[in-house]
Amino acid sequence: MQLLWLPAADQAMTRLEAEPALADVHRAALRTLGRLEVDPFDPRLRTRQFATERYGQLRSTPVGTGDWYVMWMAGPEADEITIAVVAEATL
């Protein structure tokens, strides 16, 4: 599976990498992204799907640290997923 990045997701990861206080979140996000690359539909990831006006069908996968999530979409092509944002959110 190939990961594609929207600018907001790329900026969020850059911020996580640059802030020492968020080092645990950064490591957890990288681990989650690696798991998404292998099998984004693995039920052990505890991904939830919901609809948004901006993105349509969006999926949210917890990174396992705090309330941080990787928000992503399937596609645009087969074997690709697009990372929309990595953010802290209460769902």
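The expected span of a helix is taken as 1.5 Å times one less than its number of residues. Helices (H or I, at least four residues) and strands (E, at least two) are DSSP runs, numbered from the N terminus. The model is predicted, so local features need pLDDT of at least 70 and side-chain atom pairs count only at pLDDT 80 or more, while totals for chains, interfaces and linings use all residues. Residues are numbered from 1 along each chain as its sequence is written, and side-chain values use heavy atoms, with hydrogens and water left out.

Helix α1 has 12 residues, which should span 16 Å at 1.5 Å a residue; the end C-alpha atoms of α1 are 16 Å apart, in agreement with this value. Its buried residues are A9, A12, M13 and L16; buried means under 20% relative accessible area, exposed over 50%, and partly exposed in between (1.4 Å probe, protein chains only). Viewed down the axis of α1, these buried residues fall within an arc of 95°, so they line one face of the helix. The arc is that of the directions from the helix axis to the C-beta atoms. On the face of α1 turned away from the buried side are the exposed residues P7, Q11 and A18. The buried residues of α1 pack against β1, α2, β4 and β5, where contact means heavy atoms within 4.5 Å.

The 16 residues of α2 should span 22 Å at 1.5 Å a residue, and the end C-alpha atoms are 23 Å apart, which agrees. Buried in α2 are V25, H26, A28, A29, T32, L33 and L36. Down the axis of α2, the buried residues fall within an arc of 165°, so they too line one face of their helix. They pack against β1 (2-5), α1 (7-18), β3, β4 and β5.

In soluble globular proteins, nonpolar side chains tend to be buried together. A nonpolar core is here a set of buried Ala, Val, Leu, Ile, Met, Phe, Trp, Tyr and Cys residues joined through side-chain atoms within 4.5 Å. The largest such core holds 19 residues, of which L16, L33, L36, W68, V70, I83 and V86 touch the most other members. At least two residues of this core come from each of α1, α2, β4 and β5. Helix α2 supplies the largest share, 5 residues. A second, separate core of 5 residues includes Y69, M71, M73 and A84. Leaving aside residues up to four places away in sequence, W68 touches R15, L16, L22, V25, T61, P62, V63, V86, A87 and E88.

A search of the whole structure finds 3 salt bridges, each defined as a side-chain nitrogen of Lys or Arg within 4 Å of a carboxyl oxygen of Asp or Glu. R15 is paired with E19, the closest N and O atoms being 3.1 Å apart. R15 is partly exposed at 41% relative accessibility, and E19 is partly exposed at 32%. R27 forms a salt bridge with D24, with the closest N and O atoms 2.3 Å apart. R27 and D24 are 3 residues apart in helix α2 and are therefore separated by about one helical turn. Relative accessibility is 48% for R27, which counts as partly exposed, and D24 is also partly exposed, at 48%. The side chains of R44 and D42 meet in a salt bridge at 2.8 Å, N to O. R44 is exposed at 73% relative accessibility, whereas D42 is buried at 17%.

D79 lies in the loop between β4 and β5 and is exposed, with a relative accessible area of 57%. P76 is placed in the loop between β4 and β5 (80-88), and a cis peptide bond with omega of about 25° joins G75 and P76.

G66 is in the loop between β3 (56-62) and β4 (68-74). G66 is exposed, with a relative accessible area of 66%. From C-alpha to C-alpha, G66 and E37 are 22 Å apart in space, and they are 29 residues apart in sequence.
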